[in-house]
Amino acid sequence: MIKGSMVALVTPFTEDGSVNFKRVRELVEWHVQEGTDAILVLGTTAETPTLTTEEEDEIVRIAIEQVAGRIPVVVGSGSNNTAKAVETSLKYEKMGADALLVISPYYNKANKQGMIQHFLTVADAVNTPIILYNVPARTGISISYEVLEAVCKHKNIVGIKEASGDMSLVSKFSKLIDDNFTIYSGNDDINVPLMSLGGGGVISVLANVLPGVSHDMAAAALEGDFKKAREIQIKYMDLINALFIETNPIPVKEAMNMLGLEAGGYRLPLYPMEEKNRAVLKAELEKLGLL
């Protein structure tokens, strides 16, 4: 299983709105050098719904090629169409993905048995480890404890990215952690609380801006040094909150651009942040001496 800090990588765009594939390669290499423990491409932060299939495939190819086995590459392959999720998962498995991120079916709002069968169908089709993705604010439905309990023993389902922000649900999920299954924090504001319940790491937006900080926070928690992990969490909490002052990934790409990390703009319906929110974000970066 992957442990530590996994960056939910942004998709950089050029001025004309096309994917900046050269910058994708550079960012992947930067993360390897900065100590990021794994790279996730085609997640929420990547603006994946606005990418073409050809763009998605090229991003995956570049990430796997550039990493060259030094750290794991996780690829978002989920869908609200089970057949499509299977097809996409098999494609990225063949391309060399180390793990797959499979979101709960969105919009369709599957019932309990439908969701169980969705995950098991994808897991049965591949040989690659799968991390489930629970983000009810975007999907409209949460993975329940009963669903997770029913699927977590599948040999290919090794974890869940928990992005509900519900610590009560996280506490229930933590009962399912064992040598073959773990929980990853999908909310940077509760990284340390979730890991204190046995979580194996974080899938982080913050890591796009401060990969070393995200790595150190997760590493301290994994080593049982929760005093150090807590101090890091608290030190960067105001910045973490500012990175979600508008819909992700708008603020984090803005922060990257302020720091010279060349993330580029957005594709509609995402739009540049309001000036008052941009001022808040800039102030937090300045407070930490990053600008």
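**Figure 1. The lining of the largest pocket draws on several helices and a strand.** Helix α3 gives the largest share of this lining, five residues. The model shown here and in the other views is predicted. Elements that each supply at least two lining residues are α2, α3 (82–95), β4 (99–103) and α5 (136–139). The pocket holds about 770 Å³ of space. Its lining is made up of 32 residues, and L42, G43, T48, P49 and Y106 are the ones nearest the centre. Sorted by class, the lining has 12 nonpolar, 13 polar and seven charged residues.

**Figure 2. The second largest pocket has a volume of about 350 Å³.** Its lining counts 19 residues. Nearest the centre of this pocket are V135, A163, G186, N187 and F244. By class, nine of the lining residues are nonpolar, six are polar and four are charged.

**Figure 3. One cavity of 30 Å³ or more is found in a search of the whole structure.** Rolling a probe the size of a water molecule over the atoms shows where empty space is left. The largest cavity has a volume of about 30 Å³. Around this cavity are L9, V10, T11, P12, V24, V41, A46 and I59. Seven of the lining residues are nonpolar and one is polar, with no charged residue among them.

**Figure 4. Helix α1 covers residues 21–34.** An α-helix has 3.6 residues a turn, so residues three or four places apart point the same way. After α1 comes G35, which has a positive phi, near 95 degrees.

**Figure 5. T45 sits in the loop between β2 and α2.** Is T45 buried or exposed? Its relative accessibility is 2%, and residues under 20% are classed as buried, so T45 counts as buried. The side chain of T45 makes a polar contact of 3.0 Å with the side chain of N248. Apart from neighbours within four places in sequence, the residues in contact with T45 are A8, L9, V10, T11, V205, N208, N248, P249 and V252.

**Figure 6. S79 lies in the loop between β3 (73–76) and α3.** With a relative accessibility of 5%, S79 counts as buried. Its side chain reaches the backbone nitrogen of N81 at 2.9 Å. Which residues touch S79, once neighbours within four places in sequence are left aside? They are K84, A85, I103, P105, Y106 and H118. One of them, Y106, is also among the residues nearest the centre of the largest pocket. S79 and V102 are 23 residues apart along the chain, and their C-alpha atoms are separated by 7.4 Å.

**Figure 7. R278 is part of helix α13 (residues 275–287).** Its relative accessible area is 27%, so R278 is partly exposed. Not counting residues up to four places away in sequence, R278 touches E254, M258 and M273. Along the chain, R278 and E231 are 47 residues apart, and 26 Å separates their C-alpha atoms.

**Figure 8. E284 is a residue of helix α13.** How accessible is E284, and on which side of the cut-off for buried residues does it fall? Its relative accessibility is 13%, so E284 counts as buried. The residues that E284 touches, beyond those up to four places away in sequence, are D238, L239 and A242.

Definitions and conventions:
Residues numbered from 1 in each chain as written. Predicted model: local features only at pLDDT ≥ 70, side-chain atom pairs only at ≥ 80, totals over all residues. Heavy atoms only, no water. Helix = DSSP H or I, 4+ residues; strand = E, 2+ residues; numbered from the N terminus. Expected span 1.5 Å × (residues − 1). 1 Å grid on protein atoms, 1.4 Å probe; cavity = no way out; pocket = protein on both sides within 12 Å on 5 of 7 lines; lining within 4 Å. Points joined across faces, edges and corners; volume = space filled by probe spheres on them. Nonpolar A, V, L, I, M, F, W, Y, C, P; charged D, E, K, R; others polar. Buried < 20%, exposed > 50% of the residue type's maximum accessible area, 1.4 Å probe, protein only. Polar contact = N/O pair within 3.5 Å; in protein donor to acceptor, adjacent residues only side chain to side chain. Contact = heavy atoms within 4.5 Å.
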